[in-house]
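Let's walk through this model together, from the overall fold down to single residues. Keep the sequence and the 3D view side by side as you read.

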Amino acid sequence: MKPLYFVFLFASVSAAQINISNSDSVKTNHPRLHDSWFAKDKIDHFTTSALLTGFSYYFAYKECSFSEEHSKYSAVSFSITTGALKEIYDKVSGKGTPSWKDFAADILGTGLCYLIISTN
């Protein structure tokens, strides 16, 4: 039953992407000048973090036989750490532009998935 939640979550977030413009793609001298909360990039961060949380919870709980609580905390830690490392990589490498709004979207996606897996 739990994997079904992730299918619905992914489908609803993907459907929302159709109605959101990608203001991050505006070409300026300052790429994050138009760092909108409702850009496609934020939906990508949200969705990826939610999916990372869900899949890592499933892996820890079902495949590795961790306790339910340990699996939840491991999944949340993994997802948040991955989001933070991605923003640090963007800053250090110069290949991307770090954004605290991206990281906030990571936290929101992780939080929503945590709520979903905690309700069962």
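Along the sequence, the protein chain reads α-α-α-α, with four helices and zero strands in total. Helices (H or I, at least four residues) and strands (E, at least two) are taken here as DSSP runs, numbered from the N terminus. Please keep in mind that this is a predicted model, in which local features need pLDDT of at least 70 and side-chain atom pairs count only at pLDDT 80 or more, while totals for chains, interfaces and linings use all residues. Residues are numbered from 1 along each chain as its sequence is written, and side-chain values use heavy atoms, with hydrogens and water left out.

Of the 120 residues in the protein chain, 32% are buried; buried means under 20% relative accessible area, exposed over 50%, and partly exposed in between (1.4 Å probe, protein chains only). Contact means heavy atoms within 4.5 Å. Among contacts with a separation of 6 or more, 57% join residues 24 or more positions apart.

Now to the helix packing. Two packed helices are described by the angle between their axes and the distance between the axes. The axes are lines fitted to C-alpha atoms, for helices over the stretch in contact, and the angles run from 0 to 180 degrees between N-to-C directions.

Start with helix 3 (residues 68–93) and helix 4, which pack at an angle of about 165° with their axes 9 Å apart. Helix 3 and helix 4 are therefore roughly antiparallel to each other; angles under 35 degrees count as roughly parallel, over 145 as roughly antiparallel, 65 to 115 as roughly perpendicular and the rest as oblique. The crossing of helix 3 with helix 4 is right-handed. A crossing gets that label if the near helix is turned clockwise from the far one by less than a right angle, and is left-handed if anticlockwise. On the helix 3 side, the contact includes Tyr73, Val76, Ile80 and Ala84, and on the helix 4 side it includes Phe103, Ile107, Tyr114 and Ile117. By class, the residues of this contact are eight nonpolar, four polar and five charged. In this scheme Ala, Val, Leu, Ile, Met, Phe, Trp, Tyr, Cys and Pro count as nonpolar, Asp, Glu, Lys and Arg as charged, and the others, Gly among them, as polar.

Next, turn to helix 2 and helix 4, whose axes come within 7 Å and cross at roughly 40°. Helix 2 and helix 4 are therefore oblique to each other, and their crossing is right-handed. Residues of helix 2 in this contact include Phe46, Ala50, Gly54 and Tyr57, and those of helix 4 include Ala105, Gly109, Cys113 and Ile117. The contact of helix 2 with helix 4 has nine nonpolar, six polar and five charged residues.

The remaining pairing to look at is helix 2 with helix 3, which pack at an angle of about 145° with axes 8 Å apart. The crossing of helix 2 and helix 3 is right-handed. Among the residues that make the contact are Leu52, Tyr57 and Tyr61 of helix 2 and Ala75, Phe78 and Thr82 of helix 3. This contact of helix 2 with helix 3 has seven nonpolar, seven polar and four charged residues.

What lies in the largest nonpolar core? Its five residues are Ala50, Tyr57, Ala75, Cys113 and Ile117. A nonpolar core here is a set of buried Ala, Val, Leu, Ile, Met, Phe, Trp, Tyr and Cys residues joined through side-chain atoms within 4.5 Å. Helix 2 (40–63) and helix 4 (100–118) each supply at least two residues of this core. Tyr57, in helix 2, is buried at 3% relative accessibility. From Tyr57 to His70, 13 residues apart in sequence, the C-alpha to C-alpha distance is 9.0 Å.

Let's finish with some charged residues and a loop. Asp90 lies in helix 3 and is buried, with a relative accessible area of 5%. Apart from its neighbours within four places in sequence, Asp90 is in contact with Lys95, Gly96, Thr97 and Pro98. Lys101, in helix 4, is also buried, with a relative accessible area of 17%. Not counting residues up to four places away in sequence, Lys101 touches Asp35, Trp37 and Lys42. The C-alpha atoms of Lys101 and Trp37 are 6.9 Å apart, although 64 residues separate them along the chain.

Ser65 sits in the loop between helix 2 and helix 3 and is exposed, at 62% relative accessibility. Its phi is near 60°, a positive value in a residue other than glycine. Most residues other than glycine have a negative phi.
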